[in-house]
Amino acid sequence: MGRVPTTTTLTTLVADRSDPNVLFTASRDGVFKTTDRGLRWQAVNRGLDGAAIAALAIDPRNPKVLFAASDQGMIFKTTDGGASWRRQN
Amino acid sequence: MSTVGWSWSRTAAWRAIALGAAALGASLLTGDPASAATEAPRKMPEVGHVHTLLVNPTGGNLLLGTHRGLYLSRDEGRSWQRAEVAGTIPGTDFMTLAADLRDPRILYAGGHDLGVVKSVDEGKSWAPTGPGLESGHVHALAVAPNVPSTLHAWVDQDGLYRTPDGGGRWTRVDDGPMNPNVRALAQPDIPTGMGGVFVYAATSDGVFRSADCF
(Lines give C-alpha, C1' and ligand atoms only; values in the text may rest on other atoms or scores of the structure.)
Protein backbone atom coordinates (compact mmCIF):
# COMPACT_ATOMS: atom_id res chain seq x y z
CA MET A 1 0.00 0.00 0.00
CA GLY A 2 1.13 3.51 -0.69
CA ARG A 3 1.49 6.46 1.59
CA VAL A 4 -0.51 9.63 1.87
CA PRO A 5 2.07 12.35 1.30
CA THR A 6 1.37 14.34 4.43
CA THR A 7 2.90 14.58 7.86
CA THR A 8 -0.24 15.69 9.63
CA THR A 9 -3.52 14.22 10.81
CA LEU A 10 -6.11 13.37 8.20
CA THR A 11 -9.27 15.33 8.79
CA THR A 12 -11.76 14.04 6.27
CA LEU A 13 -12.49 11.20 3.86
CA VAL A 14 -15.01 11.12 1.02
CA ALA A 15 -15.77 8.57 -1.66
CA ASP A 16 -16.84 9.08 -5.27
CA ARG A 17 -20.11 7.21 -5.50
CA SER A 18 -19.78 6.94 -9.28
CA ASP A 19 -16.34 5.32 -9.10
CA PRO A 20 -15.48 3.31 -5.97
CA ASN A 21 -11.79 3.43 -6.85
CA VAL A 22 -11.72 7.15 -6.13
CA LEU A 23 -11.47 8.63 -2.64
CA PHE A 24 -10.25 11.95 -1.33
CA THR A 25 -8.74 12.78 2.04
CA ALA A 26 -7.17 15.96 3.42
CA SER A 27 -5.00 17.42 6.13
CA ARG A 28 -3.20 20.62 7.00
CA ASP A 29 -1.05 19.84 3.96
CA GLY A 30 -3.97 19.98 1.55
CA VAL A 31 -6.08 17.46 -0.39
CA PHE A 32 -5.04 13.97 -1.51
CA LYS A 33 -6.67 11.68 -4.05
CA THR A 34 -6.51 7.98 -4.78
CA THR A 35 -7.80 6.35 -7.95
CA ASP A 36 -6.94 2.79 -6.91
CA ARG A 37 -8.89 2.28 -3.68
CA GLY A 38 -6.14 3.67 -1.46
CA LEU A 39 -3.08 1.93 -2.85
CA ARG A 40 -1.54 5.22 -3.97
CA TRP A 41 -2.35 8.80 -2.97
CA GLN A 42 -1.28 12.01 -4.63
CA ALA A 43 -1.59 15.63 -3.63
CA VAL A 44 -4.16 17.65 -5.57
CA ASN A 45 -3.48 21.11 -4.16
CA ARG A 46 -3.26 23.49 -7.09
CA GLY A 47 -5.10 26.64 -6.07
CA LEU A 48 -5.52 25.84 -2.39
CA ASP A 49 -2.85 28.38 -1.44
CA GLY A 50 -1.56 26.28 1.43
CA ALA A 51 -4.90 26.16 3.24
CA ALA A 52 -5.31 23.60 6.01
CA ILE A 53 -8.29 21.56 4.88
CA ALA A 54 -10.77 20.39 7.50
CA ALA A 55 -13.62 19.08 5.37
CA LEU A 56 -14.42 17.89 1.86
CA ALA A 57 -17.70 17.21 0.10
CA ILE A 58 -18.42 15.71 -3.31
CA ASP A 59 -21.37 16.93 -5.31
CA PRO A 60 -23.32 13.70 -5.89
CA ARG A 61 -24.83 15.23 -9.02
CA ASN A 62 -21.37 15.61 -10.55
CA PRO A 63 -18.51 13.86 -8.74
CA LYS A 64 -15.91 15.96 -10.52
CA VAL A 65 -17.17 18.85 -8.40
CA LEU A 66 -15.89 18.97 -4.84
CA PHE A 67 -15.81 21.63 -2.17
CA ALA A 68 -13.07 21.96 0.44
CA ALA A 69 -13.35 23.95 3.66
CA SER A 70 -10.42 25.21 5.68
CA ASP A 71 -10.64 24.94 9.43
CA GLN A 72 -11.43 28.66 9.64
CA GLY A 73 -14.08 28.70 6.92
CA MET A 74 -12.38 29.40 3.61
CA ILE A 75 -14.19 27.52 0.85
CA PHE A 76 -12.61 26.15 -2.32
CA LYS A 77 -14.23 24.48 -5.32
CA THR A 78 -12.91 22.14 -7.99
CA THR A 79 -14.77 21.18 -11.15
CA ASP A 80 -12.13 18.77 -12.44
CA GLY A 81 -11.83 16.20 -9.70
CA GLY A 82 -9.23 18.11 -7.72
CA ALA A 83 -6.84 19.01 -10.53
CA SER A 84 -7.34 22.69 -9.70
CA TRP A 85 -9.20 24.63 -6.99
CA ARG A 86 -10.69 28.10 -6.86
CA ARG A 87 -11.42 30.03 -3.68
CA GLN A 88 -15.08 30.87 -3.29
CA ASN A 89 -15.19 33.36 -0.39
CA MET B 1 -19.90 -4.03 25.43
CA SER B 2 -19.15 -6.56 22.76
CA THR B 3 -16.12 -6.46 20.54
CA VAL B 4 -15.80 -8.25 17.27
CA GLY B 5 -12.33 -8.52 15.85
CA TRP B 6 -12.37 -6.84 12.50
CA SER B 7 -9.20 -6.95 10.51
CA TRP B 8 -8.10 -3.42 9.62
CA SER B 9 -5.39 -2.93 7.06
CA ARG B 10 -3.48 0.23 6.43
CA THR B 11 -3.98 1.71 3.01
CA ALA B 12 -1.42 4.36 3.65
CA ALA B 13 1.11 5.32 6.27
CA TRP B 14 3.01 8.45 7.09
CA ARG B 15 4.62 10.30 9.91
CA ALA B 16 2.07 11.75 12.28
CA ILE B 17 2.63 14.93 14.20
CA ALA B 18 0.36 16.62 16.69
CA LEU B 19 -2.17 19.11 15.44
CA GLY B 20 -3.54 21.92 17.49
CA ALA B 21 -7.16 22.34 16.59
CA ALA B 22 -9.39 19.40 16.03
CA ALA B 23 -10.79 19.43 12.56
CA LEU B 24 -12.90 16.50 11.74
CA GLY B 25 -14.19 14.66 8.74
CA ALA B 26 -16.75 15.19 6.12
CA SER B 27 -19.22 12.91 4.55
CA LEU B 28 -21.56 13.21 1.66
CA LEU B 29 -24.86 14.61 2.75
CA THR B 30 -28.07 15.67 1.21
CA GLY B 31 -30.68 17.95 2.58
CA ASP B 32 -31.36 21.64 2.74
CA PRO B 33 -32.29 23.45 5.91
CA ALA B 34 -32.64 26.61 3.86
CA SER B 35 -36.02 27.46 5.22
CA ALA B 36 -34.57 27.47 8.74
CA ALA B 37 -31.80 29.97 7.99
CA THR B 38 -32.59 33.35 9.42
CA GLU B 39 -29.47 35.55 9.53
CA ALA B 40 -28.20 37.67 6.68
CA PRO B 41 -25.51 35.90 4.66
CA ARG B 42 -21.87 36.56 5.58
CA LYS B 43 -18.79 35.95 3.48
CA MET B 44 -17.31 33.69 6.14
CA PRO B 45 -19.25 31.63 8.65
CA GLU B 46 -18.51 32.57 12.26
CA VAL B 47 -17.06 29.21 12.99
CA GLY B 48 -15.12 27.95 15.94
CA HIS B 49 -13.68 25.29 13.73
CA VAL B 50 -15.04 23.71 10.59
CA HIS B 51 -15.72 20.04 11.08
CA THR B 52 -17.76 18.78 8.15
CA LEU B 53 -19.19 19.85 4.81
CA LEU B 54 -22.03 18.62 2.62
CA VAL B 55 -23.47 19.19 -0.83
CA ASN B 56 -27.22 19.03 -1.20
CA PRO B 57 -27.74 16.70 -4.18
CA THR B 58 -31.00 18.25 -5.20
CA GLY B 59 -30.25 21.95 -4.95
CA GLY B 60 -26.48 22.14 -4.68
CA ASN B 61 -26.56 24.15 -1.48
CA LEU B 62 -23.77 23.60 1.02
CA LEU B 63 -24.17 22.73 4.67
CA LEU B 64 -21.25 23.30 7.00
CA GLY B 65 -20.99 21.63 10.40
CA THR B 66 -18.94 23.55 12.92
CA HIS B 67 -18.13 23.83 16.60
CA ARG B 68 -20.92 26.41 16.80
CA GLY B 69 -23.67 24.76 14.82
CA LEU B 70 -24.73 24.44 11.19
CA TYR B 71 -24.26 27.05 8.46
CA LEU B 72 -25.86 27.19 5.03
CA SER B 73 -24.64 28.56 1.72
CA ARG B 74 -26.90 28.95 -1.30
CA ASP B 75 -24.16 30.27 -3.59
CA GLU B 76 -21.47 27.57 -3.53
CA GLY B 77 -19.73 28.89 -0.46
CA ARG B 78 -19.49 32.57 -1.35
CA SER B 79 -21.75 33.59 1.55
CA TRP B 80 -23.07 31.86 4.64
CA GLN B 81 -25.82 32.16 7.15
CA ARG B 82 -26.50 30.23 10.31
CA ALA B 83 -29.04 27.43 9.92
CA GLU B 84 -31.50 27.21 12.77
CA VAL B 85 -31.77 23.66 14.04
CA ALA B 86 -35.35 22.85 14.95
CA GLY B 87 -36.12 20.00 17.30
CA THR B 88 -34.76 18.89 20.64
CA ILE B 89 -31.21 17.66 20.29
CA PRO B 90 -28.56 17.54 23.01
CA GLY B 91 -25.80 19.62 21.40
CA THR B 92 -24.70 21.99 18.64
CA ASP B 93 -21.13 20.83 18.01
CA PHE B 94 -21.57 19.13 14.64
CA MET B 95 -18.61 16.91 13.80
CA THR B 96 -19.94 14.76 10.96
CA LEU B 97 -22.80 14.66 8.48
CA ALA B 98 -24.10 11.83 6.33
CA ALA B 99 -26.95 11.37 3.91
CA ASP B 100 -29.25 8.76 2.56
CA LEU B 101 -28.65 9.44 -1.12
CA ARG B 102 -31.67 7.36 -2.09
CA ASP B 103 -33.94 9.58 -0.02
CA PRO B 104 -32.62 13.15 0.12
CA ARG B 105 -35.02 14.00 2.91
CA ILE B 106 -33.02 11.84 5.33
CA LEU B 107 -29.89 13.28 6.93
CA TYR B 108 -27.74 12.18 9.84
CA ALA B 109 -25.35 14.16 12.01
CA GLY B 110 -23.03 13.37 14.89
CA GLY B 111 -20.95 15.43 17.22
CA HIS B 112 -19.74 16.19 20.70
CA ASP B 113 -22.51 15.69 23.25
CA LEU B 114 -24.77 15.17 20.26
CA GLY B 115 -24.71 11.43 19.68
CA VAL B 116 -26.30 10.74 16.31
CA VAL B 117 -29.29 12.82 15.30
CA LYS B 118 -31.52 12.36 12.29
CA SER B 119 -33.60 14.58 10.06
CA VAL B 120 -36.36 13.31 7.81
CA ASP B 121 -37.22 16.71 6.35
CA GLU B 122 -34.00 17.76 4.60
CA GLY B 123 -32.46 19.19 7.74
CA LYS B 124 -35.28 21.42 8.87
CA SER B 125 -35.75 19.51 12.12
CA TRP B 126 -33.65 16.96 13.97
CA ALA B 127 -34.22 14.30 16.62
CA PRO B 128 -31.93 11.89 18.48
CA THR B 129 -31.59 8.38 17.08
CA GLY B 130 -32.17 5.25 19.15
CA PRO B 131 -30.19 3.73 22.01
CA GLY B 132 -26.97 1.79 22.05
CA LEU B 133 -24.12 4.32 21.83
CA GLU B 134 -21.88 4.31 24.87
CA SER B 135 -21.27 8.05 24.71
CA GLY B 136 -22.49 11.11 22.90
CA HIS B 137 -19.17 11.93 21.26
CA VAL B 138 -19.58 10.82 17.65
CA HIS B 139 -16.75 11.86 15.34
CA ALA B 140 -17.64 10.10 12.09
CA LEU B 141 -20.54 8.57 10.19
CA ALA B 142 -20.78 6.56 6.98
CA VAL B 143 -23.85 5.31 5.15
CA ALA B 144 -23.64 1.93 3.45
CA PRO B 145 -23.68 2.50 -0.32
CA ASN B 146 -26.30 -0.09 -1.20
CA VAL B 147 -28.26 -0.34 2.04
CA PRO B 148 -28.65 3.24 3.21
CA SER B 149 -30.51 2.25 6.35
CA THR B 150 -27.21 0.76 7.55
CA LEU B 151 -24.76 3.26 9.03
CA HIS B 152 -21.49 3.05 10.89
CA ALA B 153 -20.56 5.56 13.59
CA TRP B 154 -17.22 6.17 15.26
CA VAL B 155 -17.56 7.03 18.94
CA ASP B 156 -14.51 8.84 20.28
CA GLN B 157 -12.49 6.91 22.86
CA ASP B 158 -14.74 3.90 22.31
CA GLY B 159 -15.13 2.17 18.96
CA LEU B 160 -17.19 1.47 15.91
CA TYR B 161 -20.97 1.12 16.07
CA ARG B 162 -23.52 0.03 13.48
CA THR B 163 -27.22 0.51 13.01
CA PRO B 164 -29.22 -1.70 10.63
CA ASP B 165 -32.35 0.39 10.74
CA GLY B 166 -31.55 4.02 10.11
CA GLY B 167 -30.59 4.75 13.69
CA GLY B 168 -33.33 2.80 15.45
CA ARG B 169 -30.71 1.04 17.54
CA TRP B 170 -26.91 0.95 17.65
CA THR B 171 -24.59 -1.97 18.40
CA ARG B 172 -20.87 -1.81 19.03
CA VAL B 173 -19.14 -3.94 16.40
CA ASP B 174 -15.42 -3.28 16.64
CA ASP B 175 -12.53 -1.53 18.38
CA GLY B 176 -11.60 0.10 15.07
CA PRO B 177 -8.21 0.43 13.40
CA MET B 178 -4.86 0.17 15.09
CA ASN B 179 -4.74 3.93 15.42
CA PRO B 180 -7.96 4.78 17.24
CA ASN B 181 -7.91 8.50 16.46
CA VAL B 182 -10.51 8.17 13.72
CA ARG B 183 -11.49 11.48 12.09
CA ALA B 184 -13.72 10.26 9.26
CA LEU B 185 -15.36 7.15 7.82
CA ALA B 186 -16.36 6.32 4.24
CA GLN B 187 -17.94 3.33 2.55
CA PRO B 188 -17.22 3.22 -1.17
CA ASP B 189 -18.99 0.45 -3.03
CA ILE B 190 -16.08 -2.00 -2.95
CA PRO B 191 -17.25 -5.59 -2.36
CA THR B 192 -15.27 -7.62 0.14
CA GLY B 193 -16.11 -10.93 -1.49
CA MET B 194 -17.87 -11.95 1.69
CA GLY B 195 -21.15 -10.22 1.05
CA GLY B 196 -20.28 -6.81 2.38
CA VAL B 197 -18.28 -3.73 1.50
CA PHE B 198 -15.21 -2.13 3.04
CA VAL B 199 -15.27 0.56 5.69
CA TYR B 200 -12.49 3.13 5.33
CA ALA B 201 -11.24 5.20 8.25
CA ALA B 202 -9.07 8.31 8.14
CA THR B 203 -6.98 8.70 11.28
CA SER B 204 -4.05 10.67 12.63
CA ASP B 205 -1.86 7.85 11.36
CA GLY B 206 -3.19 7.14 7.91
CA VAL B 207 -6.09 5.51 6.15
CA PHE B 208 -7.23 2.06 7.21
CA ARG B 209 -9.94 -0.20 5.91
CA SER B 210 -11.80 -3.28 7.07
CA ALA B 211 -14.50 -5.53 5.73
CA ASP B 212 -17.85 -4.77 7.30
CA CYS B 213 -18.98 -8.40 7.28
CA PHE B 214 -18.38 -10.62 10.28
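1. Two strands pair if DSSP finds at least two bridges between them. Strands (E, at least two residues) and helices (H or I, at least four) are DSSP runs, numbered from the N terminus. In chain B, strand S10 (residues 138-143) and strand S11 (residues 151-155) are joined by five bridges and run antiparallel. B:Ala142 has B:His152 as its bridge partner in S11(B).

2. A word on the basis. This is a predicted model, in which local features need pLDDT of at least 70 and side-chain atom pairs count only at pLDDT 80 or more, while totals for chains, interfaces and linings use all residues; side-chain values use heavy atoms, with hydrogens and water left out. Residues are numbered from 1 along each chain as its sequence is written, and chains are lettered from A and ligands numbered from 1 in the order in which they are written.

3. S10(B) is largely enclosed by the rest of the structure, because six of its six residues are buried. Buried means under 20% relative accessible area, exposed over 50%, partly exposed in between (1.4 Å probe, protein chains only).

4. Chain A has eight strands and zero helices. Its radius of gyration, taken over C-alpha atoms, is 12 Å, close to the 12 Å of the globule rule for 89 residues, so chain A is as compact as a globular protein of that length. The rule is 2.2 Å times the number of residues to the power 0.38. The C-alpha trace of chain A spans about 35 × 30 × 20 Å along its principal axes. Of its 89 residues, 61% count as buried.

5. Strand S2 (residues 23-27) of chain A deserves a look. Five of its five residues are buried, so S2(A) is largely enclosed by the rest of the structure. In a regular strand the side chains alternate between the two faces of the sheet. Here A:Leu23, A:Thr25 and A:Ser27 point one way, and A:Phe24 and A:Ala26 the other.

6. S2(A) has antiparallel partners. Four bridges join it to strand S1 (residues 12-15) of chain A, where A:Thr12 stands opposite A:Ala26. Five bridges join S2(A) to strand S3 (residues 30-34) of chain A. There, A:Leu23 stands opposite A:Thr34. S2(A) and S3(A) form a hairpin with two residues between them.

7. B:Ala202 lies in strand S15 (residues 198-203) of chain B. B:Ala202 is buried, at 0% relative accessible area. Beyond neighbours within four places in sequence, its contacts (heavy atoms within 4.5 Å) include A:Leu10, A:Thr12, A:Leu13 and A:Thr25 from chain A, and B:Arg183 from chain B. The C-alpha atoms of B:Ala202 and B:Arg183 are 5.6 Å apart, with the residues 19 apart along the chain.
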